[in-house]
Amino acid sequence: IIVAIIIAIPIVFLVNNSETPKDDVLQVGLVLPMSGPAASLGEDFLNAFELTYEKTGASFDYYVEDAQSTSKGGVDAANKLFSTKDIDVLVSIASVIVMPLIDIAEREDVPLIGAAVARDDFATNSKNTFKVYPNSSVEAKLAANFAESKGYEKVGILTVNNAFGNTFNEVFEREFDGEIIVDEEFLVSDL
């Protein structure tokens, strides 16, 4: 929810402070997993985005397309948005969906705002990509440092089985000096 609010508020600010004529409304395309294993994440993100939109009195239009929790679904959804609407900003969540959208954002020369993107390299290869989520490697280092500062010598890790969880595990195991006694993964669909 917080991530959707963090994304929506700057869009509202840009719209309300731009010199764009009032009849030229900003068009935001949301490519979200509304079906498939990550549907709960897409639904939560959309609910938070809509709440922020409503509470801030936003004056932009937004359109939602289902990425079906897959890379191909995300690409198809983004291409549909660009073929049917005059999209000015593209917003998406989850590494598996967002990463293939970089090429589309470059082709269309629009900003791509990615949330819940675990890949540390997401916003480094394009002038059009913006990340609104900490790197999982940063979070893993912080978690390892916290555990050590509390004097923990043995820990268990429970992470989601995706790019975020895999990177978190890899970095935590490297950074933590103690013993990892349990290392379990779960699927997003198990949430």
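Strand 4 (residues 112–115) and strand 5 (residues 129–131) run parallel and are joined by three bridges, where strands are taken to pair if DSSP finds at least two bridges between them. Helices (H or I, at least four residues) and strands (E, at least two) are DSSP runs, numbered from the N terminus. The model is a predicted one, in which local features need pLDDT of at least 70 and side-chain atom pairs count only at pLDDT 80 or more, while totals for chains, interfaces and linings use all residues. Residues are numbered from 1 along each chain as its sequence is written, and side-chain values use heavy atoms, with hydrogens and water left out.

Strand 4 also pairs with strand 3 (residues 89–93). This pairing is in the parallel sense and extends over four bridges, with Ala115 of strand 4 as the bridge partner of Ile93. Strand 3 is in turn joined to strand 1 (residues 27–32) by four bridges, and these two strands likewise run parallel. Here Val31 stands opposite Ser92 of strand 3.

The cover of these strands was examined next. Residues are termed buried under 20% relative accessible area, exposed over 50%, and partly exposed in between (1.4 Å probe, protein chains only). Strand 3 is mostly covered, five of its five residues being buried. In a regular strand the side chains alternate between the two faces of the sheet. In strand 3, Val89, Val91 and Ile93 point one way, whereas Leu90 and Ser92 point the other way. In strand 4, Leu112 and Gly114 point one way and Ile113 and Ala115 the other, and all are buried.

For the chain as a whole, the secondary structure comes to seven helices and seven strands. From the N terminus on, the elements run α-β-α-β-α-β-α-α-β-β-α-β-α-β. Of the 191 residues in the chain, buried residues make up 40%.

Charged side chains were then considered. Side chains of opposite charge can pair when their charged atoms come close. With a salt bridge taken as a side-chain nitrogen of Lys or Arg within 4 Å of a carboxyl oxygen of Asp or Glu, the count comes to six salt bridges. Among them is the contact of Arg107 with Glu108, in which the closest N and O atoms are 3.1 Å apart. Glu108 counts as partly exposed because its relative accessibility is 32%.

Glu170, Arg174 and Glu175 are linked in a network of salt bridges. The side chains of Glu170 and Arg174 meet at 4.0 Å, N to O, and those of Glu175 and Arg174 meet at 3.9 Å, N to O. Glu170 and Arg174 both lie in helix 7, four residues apart, about one turn of the helix. Both of these residues, Glu170 and Arg174, are exposed; the relative accessibility of Arg174 is 53%. Glu175, by contrast, is partly exposed, with a relative accessible area of 28%.

A patch of negative charge on the surface is formed by Glu173, Asp183, Glu184 and Glu185. Patches are made of residues with over 30% relative accessible area and no salt bridge, like charges being joined within 9 Å and nonpolar side chains (Val, Leu, Ile, Met, Phe, Trp, Tyr) within 5 Å. Lys and Arg count as positive and Asp and Glu as negative, whereas His and the chain ends are not counted. The place of a charge is taken as NZ of Lys, CZ of Arg, CG of Asp or CD of Glu. The largest share of the negative patch, three residues, comes from strand 7 (residues 179–186). Glu173 is found in helix 7 (residues 163–175) and counts as partly exposed at 41% relative accessibility. Glu184 lies in strand 7 and is partly exposed, with a relative accessible area of 46%.

Glu184 also takes part in a contact between separate stretches of the chain: the C-alpha atoms of Glu184 and Thr159, 25 residues apart along the chain, are separated by 6.5 Å. A further pair is formed by Glu148 and Asp177, which are 29 residues apart along the chain and have their C-alpha atoms separated by 7.6 Å. Glu148 lies in helix 6 (residues 136–149) and counts as partly exposed at 29% relative accessibility.

How values were computed:
Areas by Shrake-Rupley, 256 points an atom, 1.4 Å probe, with all protein chains shown as cover.
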